[in-house]
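Reader: I have not seen this structure before. Please take me through it by question and answer.

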Amino acid sequence: MMVSLKSFLHYFSQPKPSVPLSANEQQQIQRLISAFGGQNNIENVDACITRLRVTVKDLSVVDSQALQNEGALGLLFLGSRFTLFLASNLMRCVSC
C-alpha cells in the first residue's frame with residue numbers, strides 16, 4: 001500500500017490554529033461568490049496554493065471579467081468547472 005507524502009505529513013503534523021479573516025478578505029470572498037453566480041450556483045470548490053477550482057451549475061451567470069478584476073491571473077474552464085490561477089496573496093482568503 002502506497003501513501004502519498006502529503007497524507008503522511010498531514011498525519012504527523014500538528015494542527016495550526018486558524019487565523020480569522022480580515023474584513024477585506026471576507027468582502028473579497030463575497031465578491032468571488034457573486035462573480036461565480038452566487039452561492040446557489042456553486043456546486044464544489046477545491047483550492048491549492050495557486051489555483052481555485054470551482055464547479056458551477058450554470059456557466060451563463062459566471063462573470064469572468066469580475067473574476068479577473070479580483071486578481072485571477074488566468075481562467076480555464078472545462079465543462080462546468082472553472083480553474084482560476086491566482087496570485088499567492090489571494091490564496092489565504094480563498095483556501096480557508
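**Strands, helix and core**

Author: In strand β4, L86 is the bridge partner of A72. This is a predicted model, in which local features need pLDDT of at least 70 and side-chain atom pairs count only at pLDDT 80 or more, while totals for chains, interfaces and linings use all residues. Residues are numbered from 1 along each chain as its sequence is written, and side-chain values use heavy atoms, with hydrogens and water left out.

Reader: In what order do the four strands form the open sheet?

Author: Strands are DSSP runs of E, at least two residues long, and helices are runs of H or I, at least four, both numbered from the N terminus. Two strands pair if DSSP finds at least two bridges between them. β3 is joined to β4 (residues 81-86) by six bridges, and β1 pairs with β2 (residues 51-56) over five bridges. The pairing in the sheet is antiparallel, and the order is β1-β2-β4-β3.

Reader: Which strands are the edge strands?

Author: An edge strand of this sheet pairs on one side only. That holds for β1 (42-47) and β3 (72-78).

Reader: Why do the buried residues of α2 line one face of the helix?

Author: Buried means under 20% relative accessible area, exposed over 50% and partly exposed in between, with a 1.4 Å probe and protein chains only. The buried residues of α2 are E25, Q28, L32 and A35. They line one face because, seen down the helix axis, they fall within an arc (taken from the directions from the axis to the C-beta atoms) of 80°. On the other side of α2, the exposed residues are A23 and S34.

Reader: How many residues make up the largest nonpolar core?

Author: A nonpolar core is a set of buried Ala, Val, Leu, Ile, Met, Phe, Trp, Tyr and Cys residues joined through side-chain atoms within 4.5 Å. The largest one includes L32, F36, V54 and F82. α2, β2 and β4 each supply at least two of its residues. The core has twelve residues in all.

Reader: What is the angle between the planes of F36 and F82?

Author: Rings of Phe, Tyr and Trp (its six-membered ring) pair if their centres lie within 6.5 Å; planes under 30 degrees apart count as stacked, over 60 as edge-to-face and the rest as tilted. F36 is buried at 2% relative accessibility, and F82 is buried at 4%. Their rings are 6.0 Å apart, centre to centre, and form an edge-to-face pair with an angle of 75°.
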